[in-house]
Amino acid sequence: MSVAARSIGASLDRVEGREKVRGEAVYAYEHSPEGVTYAAIVQSTVAKGRVLAVDGSAALALPGVLAVLSHDNVPRLEEQESELAVLQSDRVAYRGQIVAAVVAETLEAARHGERLVRVEYEQEEHDVELRVDHPRLYRPEQVNPSYDTDTDVGDVDTALAWAHVTVDVSYETPSFHNNPMEPHAAVALWDRAGGLTVYDTTQGSAPARAEIARVFGLQEERVRVVAPHVGGGFGSKGTVRPQAILAALAARAVGRPVKVAATRQQMFDLTGYRTPIVQRLRLGADAEGHLTAIVHDVVEQTSTLQEFAEQTAVVTRMMYAAPNRRTTHRLVALDVPTPSWMRAPGECPGMYALESALDELALAAGIDPVELRVLNEPKHDPESGLPFSSRNLVACLREGAERFGWAGRAAQREGPWLHGTGVASSTYPARRRPSEAVARRDGEGFVVQVAANDIGTGARTALTQIAADALEVDPARVRVEVGDSAFGQAPVAGGSAGTASWGTAVHLACRRLVEDGGGEARVDSSDEVEAQEPYSRHAFGAQFVEVRVNAETGEIRVPRVLGVFAAGTIVNPKTARSQFIGGMTMGLGMALLEEGILDPRFGDVVNHDLATYHVPVYADVEEIEAVWIDEDDPHLNPMGSKGIGEIGIVGTAAAVTNAVHHATGVRFRRLPIRLDQVVAALA
Amino acid sequence: MRPPGAGLNGPVCAEISLRVNGEERTVRVDTRTSLLDLLREGLGLTGSKKGCDHGQCGACTVLIDGRRANACLALAVAHAGAEVVTVEGLAANGELHPLQRAFVEHDAFQCGYCTPGQLCSAAGMLAELAGGWPSAVTDGEPALTEKEVRERMSGNVCRCGAYVNLVAAIVEAGAL
């Protein structure tokens with residue numbers, strides 16, 4: 001076999017690109033099995049209480065309506081507590097919770113029926129507002145996924161007392177809502193033998209299969225979860241969401257396949273969100289700018305149904321060299337939907353606060369913000385003491401400063417427009433999880449199957465390149481199939497660990513096929529992943545942002561964003577650049593646009609649609625560029641790659657708000673920075 | 001008291017004919033059915049996407065009589081006789097439309113869910129520009145600039161954040 005040119009590192013077009021631009025890529029709701037019916041969701045109109053009665057008679061009287069499901073006619077599931085205990089009790093834990101569903105022959109009949117269901121409640125007083133002085137704040141046993149809740153190294157109090165310069169500041173962020181373009185949907189069908197197939201909007205077909213099987217008390221082998229294409233997730237499809245359970249319950253009730261999708265409005269209640277957070281940062285530094293102490297205290301929310309403890313301050317434990325460090329997390333369980341994963345959980349909000357505070361410290365100490373970060377570069381992971389497998393934050397800062405023209409920066413005014421620039425660091429762990437994969441010969445080519453999920457990350461394409469190199473063939477001869485739990489065990493597309501995890505298994509399967517010379521090779525990467533040496537593995541980056549702020553209208557424009565990243569081998573420069581830019585674009589939304597506005601009277605998010613919850617659109621985005629430095633890290637995986645799906649969003653918001661401060665001289669410590677706040681501050 | 005809507009005898013249906021991607025289709029529709037649901041559920045043309053069902057995201061954009069429109073806000077029954085082009089109808093004789101080629105080349109999408117709407121919207125937008133229609137940012141004669149594209153395409157949301165690549169792709173394809 002001749003050795004083909006290396007495919008890893010090539011800008012291959014997305015392999016499913018033609019399918020997507022021709023409208024041929026099929027998403028969950030677009031599967032229509034024979035005899036399919038439609039379900040519509042009825043949501044609670046109270047935030048706390050008990051369902052006294054569900055009257056479905058008017059709905060059932062409509063032609064085409066097949067069933068009205070509620071807690072008193074749905075079979076008991078194995079799951080009785082969490083968000084997946086769909087229609088399992090009369091308890092209402094938040095406004096918008098599923099309290100009934102209508103199944104009908106047509107979508108129109110289901111939606112009409114949904115409006116006719118009458119639900120009677122016994123309403124109780126609700127508690128939905130996060131406050132730092134909330135009397136029910138508590139210390140969770142751990143924070144996601146299994147980090148210590150609090151850490152205390154050295155003596156921060158003495159260090160702060162003796163510091164040459166200190167800052168003590170608090171930052172607030174609202175609820176952020178993932179809002180992938182494809183609403184959460186599922187199509188479920190039971191076969192005669194009691195097996196269940198779900199076409200689901202999921203970031204993990206294999207973990208979803210296990211979870212759905214658990215909820216229904218089925219053996220895993222009886223459940224299949226299929227998701228060939230997923231219209232974005234950003235964490236919100238990383239866990240099984242209620243629509244999958246509801247579709248399966250409804251399909252069992254009517255004896256026919258059922259499809260259901262959350263409406264855009266319902267997504268704000270049923271699909272997770274990033275918790276609102278209040279963070280207090282206390283930093284101390286010596287006269288040269290070396291950090292002597294960092295204290296990062298976090299207050300955030302969870303629900304009464306299940307605990308979700310965002311690991312907001314965890315990143316502070318490893319980011320900079322400060323001998324004295326304390327981090328804490330406190331939660332309060334409110335009568336709200338359970339927060340969940342959203343792009344770079346922990347790192348994204350935590351680094352917003354840390355990198356903002358660092359900018360405040362730079363100003364207080366009279367040190368350039370880039371130089372302050374360089375000064376505080378640790379030699380090894382301050383938390384674990386482990387060596388970094390590679391850490392090129394300083395190289396990113398230097399390269400970015402050079403490209404951006406950072407040196408000699410000065411705030412300027414042109415008419416009403418105030419110009420400024422800002423910088424922030426970013427980081428994200430480089431994780432890897434066990435996965436199975438199979439590779440086989442197929443005529444003149446090869447087929448590789450792995451239960452990966454391509455939610456727009458380019459996973460299918462990257463895995464094609466990884467397989468091609470391992471097989472030593474041109475990628476055109478390799479077909480990678482993903483998105484089906486039938487392909488074996490595999491981890492979720494999350495934690496920026498997808499390509500590293502599935503890629504390891506794909507590489508191993510392809511190498512074994514080549515070396516054994518057989519027709520098929522099947523592998524499980526568990527041994528290799530578990531045997532990896534102890535290192536602190538993280539990607540790093542630096543973001544530079546230019547803003548202009550209109551002093552009269554408060555409008556903030558972002559003419560320029562540059563991200564420089566160090567993320568090991570970049571498997572596909574074309575799709576990687578899209579990932580980095582996409583993350584930074586979402587970061588612009590976090591800084592300037594996005595905000596779930598709570599109505600404390602009703603207990604839900606008022607602006608629950610895309611007209612009023614503003615995500616970035618074309619007009620908000622001008623120049624955004626992403627580049628990376630060469631990084632050769634032998635301690636990661638066969639590709640030498642670090643995950644890139646999340647790091648883009650991590651530093652962006654702080655870089656924007658730091659630039660706004662540079663332009664205006666005003667420090668806004670609450671996101672998003674809204675026009676009204678700017679106008680009031682500059683008046 | 002009777003709840004609103006109760007007592008209706010069932011859906012009111014009507015038979016309509018319309019052309020979809022050049023093909024004459026005669027269908028019996030529930031008068032409540034949106035053009036988007038007719039395409040997706042009735043005609044099996046699932047290329048047009050439902051992102052919000054409220055005309056706020058643009059994922060359902062199709063061309064109706066040559067003009068871009070949100071199919072989720074159009075009632076099917078009101079479009080008897082219309083000429084509808086969806087993403088499935090953009091390619092001609094198996095050849096990708098220049099916009100489709102440019103989207104692949106520039107990686108102007110990630111998850112692909114907003115893509116059909118982006119493509120139809122861009123096709124409609126380029127026709128508007130060629131027809132001399134001004135936008136809020138037009139200064140003098142409308143021209144195919146990045147600024148014009150950003151203004152005119154802002155009704156099509158891409159949560160993956162592919163705008164930088166979308167603008168490059170649309171400007172390139174539009175200049176052909």
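Which residue in β21(A) is the bridge partner of Ala439(A)? In this predicted model, that partner is Ala521(A). The two strands concerned, β18 (residues 436-442) and β21 (residues 520-524) of chain A, run antiparallel and are joined over five bridges. Strand β18(A) also pairs in the antiparallel sense with β19 (residues 445-449) of chain A, again over five bridges. Within β19(A), Ala439(A) has Val448(A) as its bridge partner. Strands β18(A) and β19(A) form a hairpin with two residues between them, and Gly443(A), in the turn, has a positive phi of about 60°.

Chain A as a whole contains 18 helices and 26 strands. Of its 683 residues, 62% count as buried. Contacts between residues at least 6 apart in sequence join residues at least 24 apart in 82% of cases. Along the principal axes, the C-alpha atoms of chain A fill a box of roughly 75 × 70 × 50 Å. A compact globule of 683 residues would have a radius of gyration near 26 Å, and chain A, at 26 Å, therefore agrees with that expectation.

Chain A is also in contact with chain B, and the contact takes 53 residues from chain A and 51 residues from chain B. On the side of chain B that touches chain A, at least two residues come from each of α1 (35-42), α2, α3, α4 and α5. The residues of this side divide into 24 nonpolar, 16 polar and 11 charged.

Helix α5 (residues 163-174) of chain B has 12 residues, which at 1.5 Å a residue should span 16 Å; its end C-alpha atoms are 16 Å apart, so the two values agree. Buried residues in α5(B) are Tyr163(B), Val164(B), Asn165(B), Leu166(B), Val167(B), Ala169(B), Ile170(B) and Ala173(B). The cover over these buried residues includes α15 (573-592) and β26 (623-628) of chain A, along with α2 (98-106), α3 (115-130) and α4 (146-152) of chain B.

Definitions and conventions
Residues numbered from 1 in each chain as written. Chains lettered and ligands numbered in written order. Predicted model: local features only at pLDDT ≥ 70, side-chain atom pairs only at ≥ 80, totals over all residues. Helix = DSSP H or I, 4+ residues; strand = E, 2+ residues; numbered from the N terminus. Expected span 1.5 Å × (residues − 1). Buried ≥ 20, exposed ≤ 12 C-beta atoms within 10 Å, placed from the backbone. Contact = placed C-beta atoms within 7 Å. Nonpolar A, V, L, I, M, F, W, Y, C, P; charged D, E, K, R; others polar. Pairing = 2+ DSSP bridges. Rg over C-alpha atoms; globule rule 2.2 N^0.38 Å.
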